[in-house]
Amino acid sequence: MEGKAFFIDLTRCTACRGCQIACKEWHKLPAEETKNWGSHQNPKDLSYITYKLVRMKEVVDKKGHIQNWLFFPEQCRHCLEPPCKMAADDYDPEAIIHDPLTGAVIFTEKTKKLPFDEIKDACPYNIPRQDPKTKIIAKCDMCIDRVQNGLLPICVKTCPTGAMNFGDRKEMVALAKKRLAQAKKMYPNATLGDLEDVRVIYLFQENPQKYYEYAVASLDNKYLSRKELLAKTLSPFKHLQFG
């Protein structure tokens, strides 16, 4: 399944937060109660009513002087093989849907019956959030209603700098590699995040860990469903035939 994908060029992000606001407006999500916690970033984290968040990181020298700003508009990565769905399928295969046309990973109301901690722990990007009242688990849905009608996701439509892009995954991968080659002329440490595994491909100008601890996946966070674990266990015996 090739499907769709985002390409987010962080070298072009100005942290205008247009994508963050547009996401709330399109999905009719209420505002968060925010407070000054020592950063321009607000709210402080994702939540069941905040699917998109522009994270902001100050890079300072030893004297505390700001050397750079790193902006990271975070959202669900819509993994090619979503571990959250692998975890959910052990309980209800219809709770999390992997759309066959776009590749979007969609959480339904049936997620309220899933063990939230297990679903969240399965995600290497720490994305899922739960409504404490309804127990429904929520996250970015790729604006599936817009995409199915030939429209861009609202965050991409709103971006004024060209940082956010969306289209067929093959085209986005090609664009990401082209932009990476250009970016390396100015940012030698530039890299693409988890290119082979996700539908939200980030171009980082610095080490991804400098942006956010969950910016890229860690093998330590890799979730194995019972099916995967069984397959891994039996793989050494595939060459054997039993009569």
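Student: Where does Gln41 lie?

Tutor: Gln41 is in the loop between H1 and E2. Keep in mind that this is a predicted model.

Student: Is Gln41 buried or exposed?

Tutor: Buried. Its relative accessible area is 4%, and the cut-off for buried is under 20%.

Student: Which residues is Gln41 in contact with, leaving aside its neighbours within four places in sequence?

Tutor: Gln41 touches Arg17, Leu53, Val54, Arg55 and Met56. Take Leu53 as an example: Gln41 and Leu53 are 12 residues apart in sequence, and their C-alpha atoms are 8.4 Å apart in space.

Student: OK, on to H1. How many of its residues are buried?

Tutor: Helix H1 spans residues 18-27, and seven of its 10 residues are buried, so the helix is mostly covered. Those seven are Gly18, Cys19, Gln20, Ala22, Cys23, Lys24 and His27.

Student: What covers the buried residues of H1?

Tutor: The cover includes strand E2 (53-60), strand E3 (66-74), helix H5 (154-158) and E8.

Student: You mentioned E8. Which sheet order does it belong to?

Tutor: E8 is part of an open sheet of four strands, in the order E8-E1-E10-E9, and the pairing is mixed. Strand E8 (164-168) and strand E9 (191-192) are the edge strands, each pairing on one side only.

Student: How do E1 and E8 pair, parallel or antiparallel?

Tutor: Antiparallel, over five bridges, with E1 made of residues 4-9. Ala5 has Gly167 of E8 as its bridge partner, and Ile8 stands opposite Met164 in E8.

Student: Remind me, what holds paired strands together in general?

Tutor: Strands of a sheet pair through backbone hydrogen bonds, in either a parallel or an antiparallel sense.

Student: What span does H6 reach?

Tutor: H6 has 15 residues and reaches 20 Å from its first C-alpha to its last, close to the 21 Å expected at 1.5 Å a residue.

Student: Which residues of H6 are buried?

Tutor: Arg169, Met172, Val173, Ala176, Arg179, Leu180 and Ala183. They lie on the same side of H6 because they cover an arc of only 130° around the axis. The buried residues of H6 pack against E1, E8, E9 and E10.

Student: Why do residues three or four places apart point the same way in an α-helix?

Tutor: An α-helix has 3.6 residues a turn, so residues with that spacing point the same way.

Student: And which residues are exposed on the other side of H6?

Tutor: Lys170 and Lys178 are exposed there.

Student: Zooming out, how many helices and strands does the protein have?

Tutor: Seven helices and 10 strands. The protein has 243 residues, and 48% of them count as buried.

Student: Last one: what share of contacts joins residues at least 24 apart?

Tutor: Among contacts between residues at least 6 apart in sequence, 59% join residues at least 24 apart.

Terms used. Residues are numbered from 1 along each chain as its sequence is written. This is a predicted model: local features need pLDDT of at least 70, side-chain atom pairs count only at pLDDT 80 or more; totals for chains, interfaces and linings use all residues. Side-chain values use heavy atoms; hydrogens and water are left out. Two strands pair if DSSP finds at least two bridges between them. Helices (H or I, at least four residues) and strands (E, at least two) are DSSP runs, numbered from the N terminus. Buried means under 20% relative accessible area, exposed over 50%, partly exposed in between (1.4 Å probe, protein chains only). Contact means heavy atoms within 4.5 Å. The expected span of a helix is 1.5 Å times one less than its number of residues. The arc is that of the directions from the helix axis to the C-beta atoms.
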